[in-house]
Amino acid sequence: MPRPAGGCFEPVSMDQLAGRGSGFGAVGSPDSTEVSDPAAHCDDADHLVGGYPRTLGEATTSLRDCVTHLRRRFAEAVDGAADLLDDEGRVVGAEVDLDADCELGPTEMRAKCTALEAFGRALHGVQDFYSHSNWTDVADPTRPIGAENPPGLSRPAPSSLLDLRGSGIPTVPRGLTTGCFVLPDRVTGVRVCERRVTHAALNKDTGTIDQRTGRAADPTTPRGEVGDNFARAVAGAVIETRHQWQELRTALRSAYGAERASLLACALTHDDPVSECAQRNQATSSGRVPAVAVVLVLLGALAASALLLRLRRRGAA
């Protein structure tokens, strides 16, 4: 397989982050180990004006819990990346070796794997935000507004709410809602989701994504089938994913300086960073800092096209 041009994620490294086949990658890992934690998926931040069983304050708290959770994962990625290099700024071979796939969870000790897992978990949440909320979408104009057809905000990405480098309290716009999730997941809520906006009513989780072009088609959820809601959610997730990678690059520079951050990004994206990033180190030392244009369209597309698998796994939990 030819290597990607420029500084994109190379195939094996991308597999660890985005997953391949039916296996979980770092982005999919919350559906394995955090399936019941609404903060990992930006779920349960639901509210509607007028006689709703949950207050605006409760919904806002749930959404802020999600942002706090994702900020923690993002910070874990920044902190964990430090161990990719030794004190002399050289890539540590044992920390970046991908001869065996990353093991998701506490038994994994390789710094590249743990940093990618933390970043992947953050990406999972921000991508779910677009699928599980009404940030980008619109309501069905043929039906009355209510729990089964909440209003849409039709807002662009990236979202100001998902400031993962920040520490302030995010301002939640009026009318924003995500869905209440409980099994069985039904449009008409059951158990704790009774009379509430549900994940089943609001999500845009399933459809077809062309991984070459990113075109989204053939949605299969009620909300996704309204207008171009599925395509809006996919586009939002892709834009946000690209944005969060740039935010991670910025956070690495703030934490470790420009030269070391460039090497850390190289170690995260390259399949043979011991040799490939040594060349990067020489170029940086000579004053020639190569541009790293990391384009994560594939990851964004996988995040949407693999959502059918995600939902099936969540439903089986």
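This is a predicted model: local features need pLDDT of at least 70, side-chain atom pairs count only at pLDDT 80 or more; totals for chains, interfaces and linings use all residues.
The buried residues of helix H8 are Ala 261, Ser 262, Leu 263, Leu 264, Ala 265, Cys 266, Ala 267, Leu 268 and Thr 269. Here, buried means under 20% relative accessible area, exposed means over 50%, and partly exposed lies in between (1.4 Å probe, protein chains only). Because nine of the twelve residues of H8 are buried, this helix is largely enclosed by the rest of the structure. From its first C-alpha to its last, H8 reaches 17 Å, close to the 16 Å expected at 1.5 Å a residue. The expected span of a helix is 1.5 Å times one less than its number of residues.

Residues are numbered from 1 along each chain as its sequence is written, and side-chain values use heavy atoms, with hydrogens and water left out.

## The chain as a whole

The chain holds eleven helices and two strands. Helices (H or I, at least four residues) and strands (E, at least two) are DSSP runs, numbered from the N terminus. Along the sequence, the pattern reads α-α-α-α-α-α-β-β-α-α-α-α-α. Of the 317 residues in the chain, 53% are buried. Contact means heavy atoms within 4.5 Å. Among contacts between residues at least 6 apart in sequence, 65% join residues at least 24 apart.

## What packs against H5?

Let us begin with H8 (residues 258–269), which packs against H5 at an angle of about 90°, with the axes 10 Å apart. That makes H5 roughly perpendicular to H8. Axes are lines fitted to C-alpha atoms, for helices over the stretch in contact, and angles run from 0 to 180 degrees between N-to-C directions. Angles under 35 degrees count as roughly parallel, over 145 as roughly antiparallel, 65 to 115 as roughly perpendicular and the rest as oblique. On the H5 side, Lys 112, Ala 115 and Leu 116 meet Ala 267, Leu 268 and Thr 269 of H8. By class, this contact of H5 with H8 has four nonpolar, one polar and one charged residues. For these classes, Ala, Val, Leu, Ile, Met, Phe, Trp, Tyr, Cys and Pro count as nonpolar, Asp, Glu, Lys and Arg as charged, and the others, Gly among them, as polar.

Helix H1 (residues 11–18) also packs against H5, at an angle of about 50° and with the axes 9 Å apart. H1 and H5 are therefore oblique to each other. Ser 13, Gln 16 and Leu 17 of H1 make this contact with Lys 112, Leu 116, Phe 119 and Gly 120 of H5. The residues of the contact of H1 with H5 divide into three nonpolar, three polar and one charged.

## Salt bridges

A salt bridge is a side-chain nitrogen of Lys or Arg within 4 Å of a carboxyl oxygen of Asp or Glu. By this rule the count comes to 16 salt bridges. Three of them are listed here.

| Pair | Closest N to O distance |
|---|---|
| Arg 232 and Asp 228 | 2.7 Å |

Arg 232 is partly exposed at 27% relative accessibility, and Asp 228 is partly exposed with a relative accessible area of 42%. Salt bridges that share partners join Glu 34, Arg 72, Arg 73, Glu 76, Glu 117 and Arg 121 into one network.

Where do Glu 34 and Arg 121 sit in the chain? Glu 34 lies in the loop between helix H2 (30–33) and helix H3 (56–81), and Arg 121 in helix H5 (residues 111–132), 87 residues apart. Glu 34 is buried, with a relative accessible area of 9%, and Arg 121 is buried at 5%. As for the remaining pair in the table, Arg 54 is buried at 14% relative accessibility, and Asp 46 is buried at 0%.

Thr 136 is found in the loop between H5 and helix H6 (199–202). Thr 136 is buried, with a relative accessible area of 4%. Leaving aside neighbours within four places in sequence, Thr 136 is in contact with Tyr 130, Ser 154, Arg 155, Arg 232 and Ala 233.

Helix H7 (residues 229–256) has 28 residues and should span 40 Å at 1.5 Å a residue; its end C-alpha atoms are 40 Å apart, which agrees. After H7 comes Gly 257, whose phi is positive, near 90°.
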